[in-house]
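Hi,

Here is the structure I promised to pass on.

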Number of protein chains: 2
Amino acid sequence: MFQSKALPKHCDVCTIRRRSICGALSADEIEAMNQIAHRRHCEAGAVIMHEGEKQDCFGNVLNGVVKLTKTMTDGRQHIVGLLFPSDFLGRAMRVESPYRAEAVTDVELCLFPRADFERIMLRYPDLQSRLLAHTLDELDACHDWTLLLGRKNAFERVASFLLMIARRAQDLGCKADPNEDSAAFVLPLGRSDIADFLGLTTESVSRQITKMKRDGVISLHGNREVQVPSMGQLLKLADLAPCDTRA
Amino acid sequence: MFQSKALPKHCDVCTIRRRSICGALSADEIEAMNQIAHRRHCEAGAVIMHEGEKQDCFGNVLNGVVKLTKTMTDGRQHIVGLLFPSDFLGRAMRVESPYRAEAVTDVELCLFPRADFERIMLRYPDLQSRLLAHTLDELDACHDWTLLLGRKNAFERVASFLLMIARRAQDLGCKADPNEDSAAFVLPLGRSDIADFLGLTTESVSRQITKMKRDGVISLHGNREVQVPSMGQLLKLADLAPCDTRA
DNA sequence: CGGTATTTTGAGTAACCTCAACTGGTGTGG
DNA sequence: CCACACCAGTTGAGGTTACTCAAAATACCG
């Protein structure tokens, strides 16, 4: 199996290339992307883009987790999305960012200046196609989230959240035995960010987690390390509420 | 101003062409689209696509309103999106539909068989580009909706809903004097669909609407015809709650 | 080990839901 | 033309969920 052209060094070793919008690009296209790309490191808590301000870069998340937040005029906050490694950061085809992007953990980014990116996208339809696929997946996820926010109770919301994190962690780690029904992972978010993601308060999140521990659905080591003995059970709980909430 | 090629009859008179994914396509591309297109009429209440079932067509909404719903295993329902004339119907690049699509009013569609559409999309990057633009707009709207569902109270939700409908009605009618602060429109949805869209119950929607009437924010003629004396006021209420709910 | 931030727990409350009854408009049939 | 049923919407009373505010417990970090 020969490649007609060697990949640029960075891209060749890029762990998320195939899953990102760069996946399935030809060596030429990759080369063009690499020409305009630069790396950037952000510490946990750093703001990458401001809501309503001009975006000067788009890019791929190489490592870490980014949260996308919207804020109401009176200060109420909500997390509209989380980005994991291989996700695309930035709102293409628009000058201003519709949300604030903030590093939740330390983050490594592979960024493209907006103008250059848009130029290249016009030239390479494959890139557009990949971006479209990513955007459609994001839209599906967002639809699922509206169902969660519109119709699920606090317990189901937290269960759904854990499920989502477990899956993304599994995707990244890729070590999973498909027969394995148990899982373990580290929460990238604190209780208050989880609350902002689920449309709840910190206290409510905490209560539901406590309840899950009591019920044996999960066990915790410290505040962030979660073990799930049965993902199957968690899956059921995420969709079908245990309708007694007696604390 | 000459056109190098005449447009197909249907497309030439199509009222929503420029706003739809067909907008900005060349005469050749339009011709290709027209080749595979067929019209379909759906009566109010008709199911256009079933959740989880194979999509055999994509297409443009020419007329009427379509609701996209998701259902939980225990029957709880939620509307994840509304489609108006010029919106694109169907989840591209996927075989199964992630939601149920149902005609809310009588609906006129311009449909493309899935396989044909995908073939043409590969050939004409402009089409992909338009679809990407539409999908990104939908994603923005969905993000706004998660903010609504996650953080707004019942009153703000109904205000936001009226605002959205007013804007879409205005877009379509296109008659608006931009200085005009008042508006009038017909609700495409009944109370219970509004509730499913806003994550509330019929009763809660009804109470908020009653409150708005009492406060002079809107007036009704029948159950569906709404008049808004001041859109500016409605805009404020959609984001900033009047926190007393005394009935 | 001590200081700080985060999380948990508790008690009381407000917002929204549930259930049930009522209203008003529409359509049908005697 | 009126009586009746039917449906969507409204209103009311009471219950439940999740929120608010406050304090205690725990985890994290130098």
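Of the 18 residues around DNA strand D, the ones that come nearest are A:Ala154, A:Ser204, B:Arg191, B:Ser206 and B:Thr210 (a residue is near a strand if one of its heavy atoms lies within 4 Å of it). Sugar and phosphate make up 70% of the atoms of DNA strand D that come within 4 Å of the protein.

Before you read on: this is a predicted model, so local features need pLDDT of at least 70 and side-chain atom pairs count only at pLDDT 80 or more, while totals for chains, interfaces and linings use all residues. Residues are numbered from 1 along each chain as its sequence is written, chains are lettered from A and ligands numbered from 1 in the order in which they are written, and side-chain values use heavy atoms, with hydrogens and water left out.

Back to the DNA. B:Thr210 has a polar side-chain atom 2.7 Å from a phosphate oxygen of DNA strand D, and for A:Thr201 the distance from such an atom to a phosphate oxygen is 3.2 Å. (Helices, H or I with at least four residues, and strands, E with at least two, are DSSP runs numbered from the N terminus.)

Now for the two protein chains. How many residues does each chain bring to the contact? Chain B and chain A bring 45 residues each, with contact meaning heavy atoms within 4.5 Å. About 4,100 Å² is buried between them, and carbon and sulfur atoms give 61% of that (buried area is the accessible area, with a 1.4 Å probe, that two parts lose on being put together, summed over both). On the chain B side, B:Leu132, B:His143 and B:Arg151 lose the most area to chain A, together 17% of what that side buries.

There are also 14 salt bridges across this interface (a side-chain nitrogen of Lys or Arg within 4 Å of a carboxyl oxygen of Asp or Glu). One to look up is B:Arg91 with A:Asp140, at 2.8 Å, N to O. On chain B, strand 5 (77–83), helix 4 (125–151) and helix 6 (191–198) give two or more residues to the side that touches chain A. Helix 4 of chain B gives the most, with 20 residues.

Cheers

Definitions and conventions
Polar contact = N/O pair within 3.5 Å; in protein donor to acceptor, adjacent residues only side chain to side chain.
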